[in-house]
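Q: Please take a close look at the salt bridges in this model. Which side chains pair up, and how exposed are they?

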Amino acid sequence: MTTSSSAVPGLHVRPLTGPEELDLFLRLTYSLDHELADDLATGRRLPQWMWVALDGDRLVGRLAWWTGTAGAAPQALDFFDLDPELSAEERDEVGLRLLTTATAAVVPTGTQRPEFGRFIPADWREVPETRSVLESLFSVLERTGARPLVERLRLEWRPGTPVPEPKGRLEFRPVRDREDLLALMTPVMEGTLDAHGQADLASGLSAREAAELHYDEELGKYSSPREWWRIAQLPETGEPVGFVVPARNNYHHTIAYIGVLPAHRGHGYIDDILAEGTRILAATDVPRIRAATDLGNVPMAASFARAGYVAFEHAVNYVWDAPGASGS
């Protein structure tokens with residue numbers, strides 16, 4: 001499939017013909033470029049999900065979808081790049097044509113569009129060139145009906161960083177099974193500060209349904225040991241206080257989920273629980289531990305900072321609230 005453009009008369013938009021065209025896709029750059037070859041080899045990406053916009057032989061735009069499980073539908077739109085040498089008008093034209101054409105071919109009409117996510121520099125608002133390119137991307141997304149959901153902190157714990165010793169205020173036991181964790185995830189979901197959790201609740205899901213969705217679409221798919229997962233409880237009574245899910249996703253070791261039950265908030269238990277999850281992963285001699293929290297979740301960000309996690313960049317997420325016609 002090809003299209004032409006009035007702002008860039010020589011523009012052609014098409015998917016990659018196969019993995020052998022990866023070098024073409026890599027003519028623009030993004031921090032996840034190093035993952036693409038393995039993603040293609042494992043089926044987390046397909047050539048027909050990877051689209052390029054060409055002005056003659058010049059790559060002026062690209063985008064790609066990703067899935068966490070080979071054979072599944074696209075889960076996220078996580079590549080969307082425009083040549084920074086383009087003018088603002090050209091970026092708008094190329095970006096809109098690329099996104100609408102690729103979406104019409106990849107996302108079936110009437111189905112929910114996968115969320116867009118992108119890693120961005122923490123200082124992106126203060127750097128004029130970076131801000132201009134990103135705002136062009138955001139403008140294109142919004143013109144197709146997307147809205148910003150959240151901006152997040154991306155955090156990293158590095159080997160050699162001290163891990164706080166246990167304070168003795170809590171005891172920890174392994175998670176027994178799916179229901180054991182869901183019984184605690186549900187009340188945590190009810191008062192969540194997480195924008196994705198709030199969006200699930202706003203969509204009409206109950207707290208239990210939102211917790212099940214989170215478990216089944218993310219936590220339950222990790223191949224790392226379930227024995228790492230921990231429930232925190234009071235030593236005297238065994239009453240649950242919270243939980244932490246240390247894990248390894250397809251790329252990094254991570255604190256995948258952490259929560260304190262509403263009845264036990266305000267006592268600083270989050271620090272004890274995060275420290276336990278960090279100790280579990282640090283004991284396996286990991287090269288790093290990744291984590292993320294919403295920019296507006298100040299208490300969680302402060303807890304990560306106290307545990308020695310460093311914010312190294314931000315991430316932004318856009319969503320399409322309602323299914324639309326292909327390419328609209």
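A: Arginine 158 is partly exposed, at 36% relative accessibility (buried means under 20% relative accessible area, exposed over 50%, partly exposed in between, with a 1.4 Å probe and protein chains only). Its salt-bridge partner is glutamate 156, with the closest N and O atoms 2.8 Å apart. A salt bridge here is a side-chain nitrogen of Lys or Arg within 4 Å of a carboxyl oxygen of Asp or Glu. Glutamate 156 is buried, at 9% relative accessible area.

The model is predicted: local features need pLDDT of at least 70, side-chain atom pairs count only at pLDDT 80 or more, and totals for chains, interfaces and linings use all residues. Residues are numbered from 1 along each chain as its sequence is written, and side-chain values use heavy atoms, leaving out hydrogens and water.

The salt-bridge count is 28. One of them pairs aspartate 81 with arginine 62, at 2.9 Å from N to O. Aspartate 81 sits in strand 4 (residues 76–82) and arginine 62 in strand 3 (residues 58–66), so this pair ties together parts 19 residues apart in sequence. Helices (H or I, at least four residues) and strands (E, at least two) are DSSP runs, numbered from the N terminus. Aspartate 81 is buried, at 3% relative accessibility. Arginine 62 is buried too, at 0%.

Arginine 208 bridges to glutamate 212, with the closest N and O atoms 2.9 Å apart. Both lie in helix 7 (residues 207–217), four residues apart, about one turn of the helix. Arginine 208 is partly exposed at 27%. Glutamate 212 is partly exposed at 24%. Elsewhere, salt bridges with shared partners join Asp38, Asp39, Arg44, Arg45 and Asp78 into one network.
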